[in-house]
Amino acid sequence: MAPEISGGQGYGREADIWSVGCTVIEMLTGKPPLSYFQTEAARSKIASGPIDIMTLVPLNVSQDARAFIGAALKWKPDERPSSPELQRYAFVTKWYPVTFI
């Protein structure tokens with residue numbers, strides 16, 4: 001759950017970007033971020049302030065994936081890229097070299 005939702009600030013497109021970042025971590029590792037916490041503890045940790053998300057990503061994950069995840073999981077919603085911006089990251093374009101609208 002995105003920090004702004006955990007903090008009671010409501011839902012926006014930025015929360016979807018957060019979800020994409022979490023999904024990519026889960027696809028690469030087989031586990032959701034902060035899976036070693038109980039659900040409420042993970043929500044509290046995310047809502048309480050920025051965490052070093054990169055510590056959750058194995059070292060063998062590519063730099064392209066790390067950049068994508070790091071951008072999607074910025075703690076402040078207004079610092080996350082939009083969907084079109086995120087689609088331009090090398091993590092996406094190397095695999096799907098198409099132009100997104």
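The structure is a predicted model, in which local features need pLDDT of at least 70 and side-chain atom pairs count only at pLDDT 80 or more, while totals for chains, interfaces and linings use all residues. Residues are numbered from 1 along each chain as its sequence is written, and side-chain values use heavy atoms, with hydrogens and water left out.

The protein contains six helices and zero strands, where helices (H or I, at least four residues) and strands (E, at least two) are DSSP runs numbered from the N terminus. Its radius of gyration, taken over C-alpha atoms, is 13 Å, close to the 13 Å that the globule rule (2.2 Å times the number of residues to the power 0.38) gives for 101 residues, so the protein is as compact as a globular protein of that length. The C-alpha trace spans about 40 × 30 × 15 Å along its principal axes. Of the 101 residues, 31% count as buried, a word that here means under 20% relative accessible area, with exposed meaning over 50% and partly exposed lying in between (1.4 Å probe, protein chains only). Among contacts (heavy atoms within 4.5 Å) between residues at least 6 apart in sequence, 54% join residues at least 24 apart.

Helix H4 covers residues 63-72, and its buried residues are Ala-65, Arg-66, Phe-68, Ile-69, Ala-71 and Ala-72. What covers these buried residues includes helix H2 (13-29), helix H5 (83-86) and helix H6 (90-93). As background, an α-helix has 3.6 residues a turn, so residues three or four places apart point the same way.

Where does the side chain of Arg-66 reach? It comes to the backbone oxygen of Val-57, at 3.1 Å. Arg-66 is buried yet has no salt bridge, and the nearest side chain of opposite charge, that of Asp-52, is 7.4 Å away; a salt bridge would need a side-chain nitrogen of Lys or Arg within 4 Å of a carboxyl oxygen of Asp or Glu, and for charge Lys and Arg count as positive and Asp and Glu as negative, with His and the chain ends not counted. Leaving aside residues up to four places away in sequence, Arg-66 touches Met-54, Val-57, Pro-58, Leu-59 and Val-61.

Met-27 lies in helix H2, and it counts as exposed because its relative accessibility is 67%. Met-27 and Arg-88 are 61 residues apart in sequence, and 20 Å separates them in space, C-alpha to C-alpha.

Key: A polar contact is a pair of N or O atoms within 3.5 Å; within protein, one must be able to donate a hydrogen and the other to accept it, and residues adjacent in sequence count only if both atoms are side-chain atoms.
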